[in-house]
Amino acid sequence: MSEVTTIGGKGKIEVTNFDLSYETLDGPVEAVSDASICVNPGEFVSVIGPSGCGKSTMLNAVAGFLKPTRGRVTVDGEVVSGPSADRGMVFQQYSLFPWKTVRENVEFGLKMKGIDSYTRQNAARTLLNLTGLLQFENQYPERLSGGMKQRVGIVRALATGPKVLLLDEPFGSLDAQTRIIMQQILTNMWQHLKISVLFVTHDIDEAIFLSDRVYCMTARPGTIKAEIAIPLDRPRQQSMMMSSEFLNLRSGLMSLIREESLKAMGGEVNEAALQGLNINLNGQSLSDVI
Amino acid sequence: MERVVLKMTEEDTVEPVEFQAPQVNTPVGKPIPAQPVSLLILAGRWLSLHRAELRTFAIGAVSLCLFLLSWHLLTKYRVNVHVRFVNVPSPSLVFESFTKAMHDIKFFHHVTLSCRRILIGFSIAAVIAVPLGLIMGRFRFARDVIFPVSEIMRPIPAIAWVPMSIMLWPSNEESIVFITFLGSFFPILLNTLHGMATVDPVLVRASQCLGAKEFSIFREVYFPAALPNIFTGLTVGMGVAWVSLIAAEMISGQFGIGYFTWEAYSLVQYPDIALGMISIGVLGLASSATIRGLGRLIMPWSRG
């Protein structure tokens, strides 16, 4: 199982003065502006922000799919120039290969490394067993539930023993109960592997529950608005989400994000509009007015 | 950038968790342990499970019988209402001619020759059109070069190629195979190209993150992702190949099931016309079914 264990001290992600803009007919549009973040080796860091703030863009640049317009993206001091198996990625849309069985999906990265099929199979089976998926090894992904698909996605990304794991809203399309279980599985795996994780989400609870630190981004063009340390004990458990320190962190982050979400929604939404039905109807009922 | 530190107010004690995944909802339920059941109950269950299919089968059988019956009646009474059934052979005459043909080595010669032409023409088309479509789908430059030419050639029906084909190829046999090839080439090419266009870019990214390089991405992602469309192209191509082959055989052939059908008309062997037509239908159906079966074998993940 040497492929799966990572050596401590590796996997430092540094994003410095990151700018990303793209050309349109109306001129360049800035998606991310002067953002700097870092993930220390073995640290779990989340980036949180309103939709469209460029948090996924930044993650894609760390993965090597995008080049920054200005600034640098490095992993262990090396400038990222393209995608590599050193940086495992988990996508929101699961992105399992439908033509491969669960085990073949997990084996894929090892196959690309040229590892023989016997070793590959053993490694994949061990990993699947750890996540309770061994009995589904010969199924095609189509037959699995969303939570199972994403467990396969995470295991597949970890199988090559990457230095860092990048997750792009991985639990975004799961139902609330499954999501909580998946978060627990992820923190458990992370604690055992001691791998650096960069996690992008718009879910505040998720970010607090999982992370050592949380970066909060502003609305487009995205910049880093705040950096929040999460001093909760490890290992984390679901019951902690009711604790007062969790709730304190939550309300702090909530107010930071709320401001930005309102900005991201544009001028049409303001605090007054959110008061909803407190409309003065001059004593009439709503049906009278309509 | 402002640094916010939100303080903890209370210490919570937590027990360490073992690295063990909870069992989440499993869609594949465990089968109920088998109990000894009588054959009658088993047959009953099978019937209720396959009711819809049985119904379809029964309706299909009745429909075919009705078709044969109306054919029989139309020819028996030599119906002549603008459309003339006077010379149309009856089903029984066609069956008679079928039994005769079963003992005739010449009929089999026609059939096997047609099948051979299909096999060669269609195979060459598949071997060229599938890789070409894959390359055109992957590399824009290749697409930009080849697409305009193929778009001009595509609408020309294979039958319009008959005179040109006779000029191009030294033997009759080669020109007929060439027309069969042309008929199946474009459906295969276009469907492969379409398959490449529908490949999910996230899957390509996922493979890159797992260390796949250009050739591996092609083999492990693009090709399997395009396979369902490739098989659609092969099925359509096979249909068009038969259309083109029969046309070519009728015009320039000396053998083959298309020639057999046309010759029957010239020789006033009317039952043989229907026999030729039905044979073509059965052969076309069988070859399409073969392709579909092959597709299911190669793509076990798609149950369609």
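How far apart do the C-alpha centres of domain 1 of chain B and domain 2 of chain B lie? They lie 30 Å apart. The domain assignment of chain B puts domain 1 at residues 45-83 and domain 2 at residues 91-298. Please keep in mind that this is a predicted model.

On confidence, then. Chain A has a mean pLDDT of 85, with 88% of its residues at 70 or more. Residues 1-8 of chain A are another matter: the pLDDT there is below 50, although the stretch has 21 contacts in the model beyond near neighbours in sequence.

Next, the open sheet in chain A. Four strands make it up, in the order 2-1-4-5, and the pairing is antiparallel. Which strands stand at the edges? Strand 2, residues 27-39, and strand 5, residues 78-79, do; each has a single partner strand, so one side of each is left without a neighbour in the sheet. Further in, strand 1 (residues 13-24) and strand 4 (residues 70-75) of chain A pair in the antiparallel sense over 5 bridges. One of the residue pairs to look at is D19(A), whose bridge partner in strand 4 is R70(A). Helix 1 of chain A, residues 55-63, packs on this sheet and touches strand 1, strand 2 and strand 4. The direction of helix 1 makes about 115 degrees with that of strand 1.

Now strand 6 of chain A, residues 87-90. Is it covered on one face or on both? Both faces are covered: R87(A) and M89(A) are buried on one side, and G88(A) and V90(A) are buried on the other. Strand 6 pairs with strand 7 of chain A, residues 164-168, in the parallel sense over 4 bridges. Within strand 7, the residue opposite V90(A) is L167(A).

Last, the nonpolar cores. The largest has 90 residues, and V62(A) and L198(A) have the most contacts inside it. Helix 4 of chain A, residues 146-158, supplies the largest share of this core, with 6 residues. What does L198(A) touch, leaving out residues up to four places away in sequence? The list is I13(A), V39(A), V45(A), L59(A), V62(A), V164(A) and L166(A). Apart from that core lies another, of 51 residues, which includes A125(B), F181(B), L245(B) and F255(B).

In chain A, the part to treat separately on confidence is residues 1-8, where the pLDDT is below 50.

Definitions and conventions: Residues are numbered from 1 along each chain as its sequence is written. Chains are lettered from A and ligands numbered from 1 in the order in which they are written. This is a predicted model: local features need pLDDT of at least 70, side-chain atom pairs count only at pLDDT 80 or more; totals for chains, interfaces and linings use all residues. Domain bounds come from an automatic or database domain assignment. A residue is buried if 20 or more other C-beta atoms lie within 10 Å of its own, exposed if 12 or fewer, and partly exposed in between; C-beta atoms are placed from the backbone. Helices (H or I, at least four residues) and strands (E, at least two) are DSSP runs, numbered from the N terminus. Two strands pair if DSSP finds at least two bridges between them. Two residues are in contact if their C-beta atoms, placed from the backbone, lie within 7 Å. Axes are lines fitted to C-alpha atoms, for helices over the stretch in contact, and angles run from 0 to 180 degrees between N-to-C directions. A nonpolar core is a set of buried Ala, Val, Leu, Ile, Met, Phe, Trp, Tyr and Cys residues joined through C-beta atoms within 7 Å. pLDDT is the predictor's confidence in each residue, from 0 to 100.
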